[in-house]
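Have the viewer ready and follow along.

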Amino acid sequence: SDHMENIYGYLMKYTNLVTGWQYRFFVLNNDAGLLEYFVNEQSRHLKPRGTLQLAGAVISPSDEDSHTFTVNAASGEQYKLRATDAKERQHWVSRLQICTQHHTEAIGKNNPPLKSRSFSLASQGSANSPGVQRRPSQNAVSFFNVGHHRLPAGKRVPIMQPDHLVDVREMMSQAEGQQRDLIRSIECLPASGHLTSLDQDLLMLKATSMATMNCLNDCFHILQLQHASQQKGSLPAGTTISWLEPKISLANHFKNGAAQNFPAEINKPASVREEQSIAEPCQLTREPEEINPDEELEDICDDKEDDLGAVEEQRSVILHLLSQLKLGMDLTRVVLPTFILEKRSLLEMYADFMSHPDLFIAIANGGTAEERMIRFVEYYLTSFHEGRKGAIAKKPYNPIIGETFHCSWRMPKSDVATDAATSSSAHSLSEQVTLSKDPEGQAEPDYYTVKFVAEQVSHHPPVSGFYAECVERKMCVNAHVWTKSKFLGMSIGVTMVGEGVLHLLEHGEEYTFSLPCAYARSILTVPWVELGGKVNINCAKTGYSASINFHTKPFYGGKLHRVTGEVKQNMTNTVVCRVQGEWNSVLEFTYSNGETKYVDLTKLSVTRKRVRPLEKQGPFESRRLWQHVTESLRDGDIDKATEHKRALEERQRNEERLRAETETPWCTKYFLKDGDGWVYHKPLWKTVSAAQTQQTDSN
């Protein structure tokens, strides 16, 4: 190919914090698939100062500027390089990517099958040296003692009967145990030496053994489904089916949410067994639960995600994961490593978008339709900063189906912006609602209460519903979000599909809104979050609308986290307010009368949410459900966190399979399906309407 020529030239290479950037002479050796560098061009005939194998490498332009790019080798080694300009960077990146693809594909074509490949355990020079000899007597199979069962020649395999599923399950368990031992043995090998955990043959052995077991598990599950369909309707009480995980009694699982009884597993911690079984003293129920805000305490948890922690240490794992992904791949069913998780559920992240309840409540206090729309835009744009915990992009826990999160905020009435023209009438209306709920004549509290509830209403696709209300101000918001994530090379994109509606019942207004897309950038270096896309806010009754653009950083130059928008009256097409700035820094609002208002989000006061203590939470409430994962992450014990997380995911898969086989639909707890969306089961607009009807009837 014309593009496979060797290229060379000077690039700047980042060495360390002390030395910084240094000019080095680089040579791309296409024939050998190597990127080499020298101190200068004159020393090119000497031994290279450094060499990277490009097979399996990832070449990625940096988001920092238009000159920088990184070369991430399969071994975990990384070169951070900088060209003189954007054109030269593109030249190097494209040539490196072509060479990388060529040599990566060559590995699969030229290597023999696994069974004939062996691994040298002797010290015979560098692993990259062409003179290394591998001893066939010490291959991977003999080294790891992997057994193979063969049938005698000429013996036919009998047809598998349903009664033999238990025997198959035991054989599968033995194979799974051997495969786990194999993986553990490979991962325990040193990172350097003649036989390492990153040896290409061993990585291929890991991948193929895992794929084989997954295939066998799928085949076994098909057999179980066939057996279940034959026995459907004629199962005697207490009959059990052997699942891929611990056996589950069918009698206890015809209703979702029923108590679960797993056999004790001695080799697992008690907390993991609890996560798999949710063995609770009380019967689990899907009936809605009324949460008393007085039981909630001010949250003292403050898990900022400003430390890379294990992400920095696990770069080779991320590289290995990236090598399995393709551009545009849907990541919904991809299990990501535990060390990239932040210490909260996605449902709690939605709650943290409400961390400025004073701005939320103040929307209803706007004296005109125009002012209320502008106040909503101000609240909307200030919600995303606190929704992110720190500057590092980490992923919240994927909620399991049926998971819920409850919290509330108390906001002193004196801290909420009011409108002089409407304060008295608004106060009297809210007072009527308060007095109707307080027949004993207790004094009206000097604070507003905003209550929040979220529920994971669907697993595939992953859909969350959340609802918040302030009864005193007769306002509420209902939303549902389907998170669709895709792999974009060196970024991960998350599209928030869904819609929210804010109801201002005193004014009879409804504001529909959508959410921007989110991107995790630079996932191999220091990952950070970026928002992008256009969102719209509309109020059909008043004719006001807002159009907001979250701008992603362009390839050349440009600012990070930029947002622009405008509010206009649709009937006259008049722009009444413009906004610009950064959604995580300073926002500038310019009004039609020429006035300008600045909002510094870094100085904006945050009201802590109120949450019930763990001991008072139900088993499916987020913090209690994920408590062992969170504690392990705080302790830095990634292996333990992974074990707890896997236990929760296994239980969810078991229940999903059972519901599919018994054709039992999932019953949500707080949200009801309404067309393409989900609506809270007891929204404020129904409660207020019923109260007004009752009051009219009594008069």
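## Ground rules

This is a predicted model, so to speak of local features takes a pLDDT of at least 70, side-chain atom pairs count only at pLDDT 80 or more, and totals for chains, interfaces and linings use all residues. Residues are numbered from 1 along each chain as its sequence is written, and side-chain values use heavy atoms, with hydrogens and water left out.

## Overall build

The protein comes to 15 helices and 28 strands; these are DSSP runs, helices being H or I of at least four residues and strands E of at least two, numbered from the N terminus. Of its 699 residues, 48% count as buried, meaning under 20% relative accessible area with a 1.4 Å probe and protein chains only, while exposed is over 50% and partly exposed is in between.

Take contacts (heavy atoms within 4.5 Å) between residues at least 6 apart in sequence: 60% of them join residues at least 24 apart.

## Cavities

Five cavities of 30 Å³ or more turn up. A cavity here is a set of points on a 1 Å grid over the protein atoms alone where a 1.4 Å probe fits but cannot get out, and lining residues have an atom within 4 Å of a point. Grid points are joined across faces, edges and corners, and a volume is the space filled by probe spheres set on the points.

Helix α10 (residues 369-387) gives the largest share, five residues. The lining splits into 13 nonpolar, one polar and no charged (nonpolar: Ala, Val, Leu, Ile, Met, Phe, Trp, Tyr, Cys and Pro; charged: Asp, Glu, Lys and Arg; polar: the others, Gly among them).

## Helix α13

Helix α13 spans residues 627-635, and its buried residues are Q627, H628, V629, T630, S632 and L633. Next comes G636, with a positive phi near 75°.

Most residues other than glycine have a negative phi, and most peptide bonds are trans. H460 and P461 are joined by a cis peptide bond, omega about 0°, and P461 sits in the loop between β14 (447-458) and β15 (463-470).

K474 has a positive phi near 50° and lies in the loop between β15 and β16 (475-487). Is K474 buried or exposed? K474 counts as buried, at 7% relative accessibility. N573, with a positive phi of about 60°, is in the loop between β22 (562-569) and β23 (574-582), and counts as exposed at 54%.

Conventions. 1 Å grid on protein atoms, 1.4 Å probe; cavity = no way out; pocket = protein on both sides within 12 Å on 5 of 7 lines; lining within 4 Å.
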